[in-house]
Amino acid sequence: MANLETVKDKCVRILEILFVDKKDPYADSRKAGMRALYKKELVDYFRSIRFLLVLLLIAITGITSVASAGAAIRSSISGSGSSAGINFLSIYTTSGQSMPSLVWFLSFLGPIVGLALGFDAISGERSRRTLSRLVSQPIYRDTVINGKFLAGVTIISIMVLSLGIVVGGIGIIMTGLPPTLEEFGRLLIFLIYTVVYISIWLAISLLFSLLFRHAATSALSGIALWLFLAIFLGMLADVIANVMAPVDPNNTTVAQALANDAWKMNISRISPTTLYSESAGVLLNPTQNSLGFVWTVIQLNGANVSNLSLGQSLLIVWPHLTALVALTIIVFAVSYICFMRQEIRA
Amino acid sequence: MADKNAIVRIENLTKKYGEVVAVNNLNLEIEEGEVFGLLGPNGAGKTTTILMLLGLTEPSGGKAEIYGHNCTRDPIGVKKVVGYLPDSVAFYGDMTGRENLRFTGELNGIPKKEIEERIDTLLKRVGMEEYADQKARTYSRGMTQRLGIADVLMKDPKVVLLDEPTLGIDPEGMREQLILIKELSVKDGRTVIVSSHMLYQVQQICDRVGIFSHGNLVACGPIEKLKEELSGEGYFETEFFAAPDNDELLAAMRSVKGVESVDKEKGVYVLRSKSDIRGALAEETLKKGFSLRHLRLRTGELEDIYRRFFEKEVV
């Protein structure tokens with residue numbers, strides 16, 4: 001009975017910490033702590049070799065993929081003699097002969113960037129034995145996570161924005177297609193989605209770094225989760241969809257195909273990678289007006305679709321952004337609760 | 001000891017890890033400006049107590065207060081007035097000593113100008129100004145500990161918690177460290193709580209000590225009083241040696257009034273008695289023509305007090 005009481009007590013406290021807006025008497029120390037931590041983490045990132053490596057990885061993949069995409073676009077224009085259906089944004093979505101498109105690279109490697117920046121954020125402090133000194137300063141524990149996360153997001157934003165702009169520049173030079181204002185807007189929003197997408201993985205790696213004592217365990221768990229979400233979830237979605245809404249191969253009806261596709265899409269949308277790829281497709285291709293199976297059919301039939309305005313495209317992928325942000329918030333809530341209750345020993 | 005100056009109040013504080021009781025029903029009050037020693041072997045519950053005082057560990061029962069701030073509910077209020085030097089303190093290796101201190105100052109929201117002034121004074125105080133601009137990873141253990149003291153003082157705390165501050169440093173470094181710690185109380189008027197298993201060194205600077213064993217506070221008070229307490233129980237052990245070492249010496253020792261037993265331990269005789277027999281013992285043996293080589297009352301040292309308490313615990 002006494003045990004039940006303490007459990008209840010603890011639940012109440014966690015709820016208090018999370019939701020009750022008790023007028024914070026230490027708002028000043030919260031701000032000061034946040035600023036100091038943010039500054040230090042940023043400096044740490046810039047000084048670290050890891051940051052350089054990640055930057056190098058992003059730069060190499062970005063530039064090679066855009067170079068091969070540019071070459072592919074050029075040959076297709078000179079081959080057909082027309083640039084119909086090709087615009088400035090194609091440079092981001094076109095795959096070259098041997099290189100996948102930049103969007104594919106970002107959706108595949110983005111998680112690695114996020115994981116690389118955060119996998120030892122807390123466990124590193126622990127193993128260097130600086131964590132107990134840090135948490136004995138008058139700052140809230142969530143400030144520690146927030147400071148590290150914000151610094152990481154800043155780094156990610158700098159990388160993604162500069163990559164987007166450099167790639168765009170190369171694209172203009174190679175294809176001679178200048179962006180319209182709307183295309184530039186699409187590009188900017190796409191880059192914001194990219195930052196959010198990579199930041200989810202930063203949040204996940206932060207969570208792992210405080211759950212696991214060893215940096216290696218935390219990194220491996222992150223990679224395992226990434227492989228699952230990026231690769232296996234898609235296969236799993238196929239299997240489940242075929243069980244739940246089977247399609248008769250000899251006599252497929254539209255209703256069957258749509259039901260099957262709905263299962264597949266909804267399951268694979270658990271993964272941020274799916275959410276991101278879908279939104280990238282819609283944002284960078286003004287003609288894409290639907291998702292999944294329907295869009296595939298439209299493309300296959302070569303139906304003549306008119307361009308959507310930016311607002312219309314955003315309307316399609318707005319739920320995706322909401323979901324991506326919601327995922328981040330969930331990961332954060334879990335991190336707060338775990339870190340709050342964790343004992344810090346030297 | 002219901003002193004109205006008590007600034008640290010611990011009531012029935014308990015911490016259990018599953019079935020293991022790390023700290024058992026601790027009651028303790030510490031007064032403003034005193035140096036209090038938490039003494040005991042590893043695993044006795046000293047560090048757990050300190051962590052609970054800082055709100056870094058949630059107690060299973062009871063409560064602790066520092067300057068009226070509840071350590072569990074209001075850890076930020078506590079951390080504003082309490083400086084903590086963790087057990088085997090460490091700094092960010094790729095930052096210099098000065099940068100590390102600056103970071104601590106910024107975390108505490110101290111104005112920029114004041115931070116720089118404080119860094120300079122503190123570095124001078126702990127004798128680290130020469131090395132302040134080297135990367136912290138190049139520091140020796142002793143230097144790191146000294147920088148640790150400067151780091152604790154950055155926030156100008158009223159209470160200083162030091163967990164094993166003398167661990168792993170050489171005797172000379174330890175002596176300097178102890179002087180630094182004592183000054184925190186004597187010069188600055190701060191309250192110092194220092195935990196250690198190195199009893200002899202630490203007793204020199206403590207006004208009061210609490211002896212921990214298996215999560216229990218088995219004794220608490222000024223060293224002198226603890227000694228008396230033990231003497232009151234008739235515990236006197238005298239180490240004695242004289243030349244020549246023969247049967248006559250043994251007989252002479254036994255003939256001294258009050259001696260209950262004589263044993264030989266590590267080359268000296270240990271005489272147990274209910275009163276202080278040193279005078280009578282020296283007189284008797286000198287009279288019989290022995291030359292005195294060694295005479296020491298064991299209960300005078302903290303280690304002996306300490307051992308006694310453990311013997312009591314075990315029994």
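## Chain B at a glance

Of the 315 residues in chain B, 41% are buried. Buried means that 20 or more other C-beta atoms lie within 10 Å of a residue's own; 12 or fewer makes a residue exposed, anything in between partly exposed, with C-beta atoms placed from the backbone. The model is predicted: local features need pLDDT of at least 70, side-chain atom pairs count only at pLDDT 80 or more, and totals for chains, interfaces and linings use all residues. Residues are numbered from 1 along each chain as its sequence is written, while chains are lettered from A and ligands numbered from 1 in the order in which they are written.

Chain B holds eleven helices and 14 strands. These are DSSP runs numbered from the N terminus: helices are H or I with at least four residues, strands E with at least two. Along the principal axes, the C-alpha atoms fill a box of roughly 75 × 45 × 35 Å. Contacts join residues whose C-beta atoms, placed from the backbone, lie within 7 Å. Among contacts in chain B with a separation of 6 or more, 69% link residues 24 or more positions apart.

Strand 9 of chain B spans residues 208–213. Five of its six residues are buried. Strands count as paired if DSSP finds at least two bridges between them. Strand 3 (residues 35–39) of chain B runs parallel to strand 9, with four bridges. There, Leu38(B) faces Gly210(B).

Strand 10 (residues 216–221) of chain B pairs with strand 9 in the antiparallel sense, over five bridges. Ser213(B) has Asn216(B) as its bridge partner.

## The turn

Strands 9 and 10 of chain B form a hairpin, with two residues between them. His214(B) sits in this turn and has a positive phi of about 50 degrees.

Methods: Contact = placed C-beta atoms within 7 Å.
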